[in-house]
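Work through these exercises with the structure in view. Try each task before you read its solution.

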Amino acid sequence: MSFPRATSRAALVVAVLAMPLASTAAAETFQSVMQGLADDMNRVQSALFVEDFATVTEAAEAIADHPKPSLGERRRVLSAVGSRVSEFRALDQQVHDTAEGLANAARDQDLDQSIRYHARLVNACIACHSAFRDDVVSALSPENAPER
Ligand code: HEC
């Protein structure tokens, strides 16, 4: 026995549409992801001043595992980035790797290393902003939004 074709196709469509909802709590905009990163960076910095390594570790891990923007938003960002996509991805990867390094240093309660990784992380965030922020902001501005 088999399902009628239309039914199985509909079931497949439903399954595909449900996937992103299952993996992320809410569809994130690129901007809200960035605001989350900034909050976590502020948490790292405040915690470093009082040598609260548990909080540094947790916030650094949140940066390393930051949520992704929604698929549509990612497409628009990537189209703004255009042919420089590998540079964009490398800078994103650098933030992930540096945040992992910071989390490990904080887990070891190594203040000097933590401070070094924190500085590198700030530089990595800003490197991407210098290279890409203007292009992405103008591509994501409301007058360039796709018809809905
Ligand atoms: C791979 C590139 C890239 C990396 C890495 C990156 N950003 Fe961004 N960020 C952007 C772009 C592009 C924008 C502009 C997006 C916009 O405003 O729509 C932006 C905007 C922002 C904003 C402004 C958001 C707003 O409300 O307008 C903040 C804050 C921010 N980023 C924080 C961070 C922090 C903190 C890090 C590092 C932990 C980081 N970013 C790493 C590309 C990056």
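**Exercise 1. In which helix does T98 lie? Is T98 buried or exposed?**

Step 1. T98 lies in helix α5. Helices (H or I, at least four residues) and strands (E, at least two) are DSSP runs, numbered from the N terminus.

Step 2. T98 has 9% relative accessibility, so T98 counts as buried. Buried means under 20% relative accessible area, exposed over 50%, and partly exposed in between (1.4 Å probe, protein chains only).

Step 3. Set aside the neighbours within four places in sequence; T98 is then in contact with Y117, R120 and L121. Contact means heavy atoms within 4.5 Å.

Step 4. Now take A64. T98 and A64 are 34 residues apart in sequence, and their C-alpha atoms are 8.0 Å apart in space.

A note on the source: this is a predicted model, in which local features need pLDDT of at least 70 and side-chain atom pairs count only at pLDDT 80 or more, while totals for chains, interfaces and linings use all residues. Residues are numbered from 1 along each chain as its sequence is written, and side-chain values use heavy atoms, with hydrogens and water left out.

**Exercise 2. Describe the protein as a whole.**

Step 1. The protein has 6 helices and 0 strands. From the N terminus on, the order is α-α-α-α-α-α.

Step 2. Of the 148 residues in the protein, 28% are buried.

Step 3. Take the contacts between residues at least 6 apart in sequence: 71% of them join residues at least 24 apart.

**Exercise 3. Which residues coordinate the iron atom of the ligand?**

Step 1. M34 (SD) and H129 (NE2) coordinate the iron atom of the ligand, at 2.0 to 2.2 Å. Donors are N, O and S atoms within 2.8 Å of the metal (3.2 Å for Na, K and Ca); water is not among the atoms, so sites may look incomplete.

Step 2. The pair links distant parts of the chain: M34 is in helix α2 (residues 30-49), H129 is in helix α6 (residues 111-140), and they are 95 residues apart.

Step 3. The 6 donor atoms around the iron atom subtend angles of 87 to 179°, so the arrangement is octahedral. Six donors count as octahedral if opposite donors are over 155 degrees apart and all others between 65 and 115. The ideal angles for six octahedral donors are 90 or 180 degrees.

Step 4. M34 is partly exposed, with a relative accessible area of 32%. H129 is partly exposed too, with 31%.

**Exercise 4. At what angle do helix α4 and helix α5 pack?**

Step 1. Helix α4 (residues 71-81) and helix α5 (residues 85-107) pack at about 120°, with their axes 8 Å apart. Axes are lines fitted to C-alpha atoms, for helices over the stretch in contact, and angles run from 0 to 180 degrees between N-to-C directions.

Step 2. α4 and α5 are therefore oblique to each other. Angles under 35 degrees count as roughly parallel, over 145 as roughly antiparallel, 65 to 115 as roughly perpendicular and the rest as oblique.

Step 3. V77, L78 and V81 of α4 make the contact with V85, F88 and R89 of α5.

**Exercise 5. Where is E51 placed, and where does Q109 lie?**

Step 1. E51 is in the loop between α2 and α3 (53-64). Q109 lies in the loop between α5 and α6.

Step 2. E51 is not a glycine, yet its phi is positive, about 50°. Q109 is also a residue other than glycine, with a positive phi near 55°.

Step 3. E51 is partly exposed, with a relative accessible area of 48%. Q109 counts as exposed, at 57% relative accessibility.

Conventions: Tetrahedral: all angles 85-135°; square planar, octahedral: opposite > 155°, others 65-115°.
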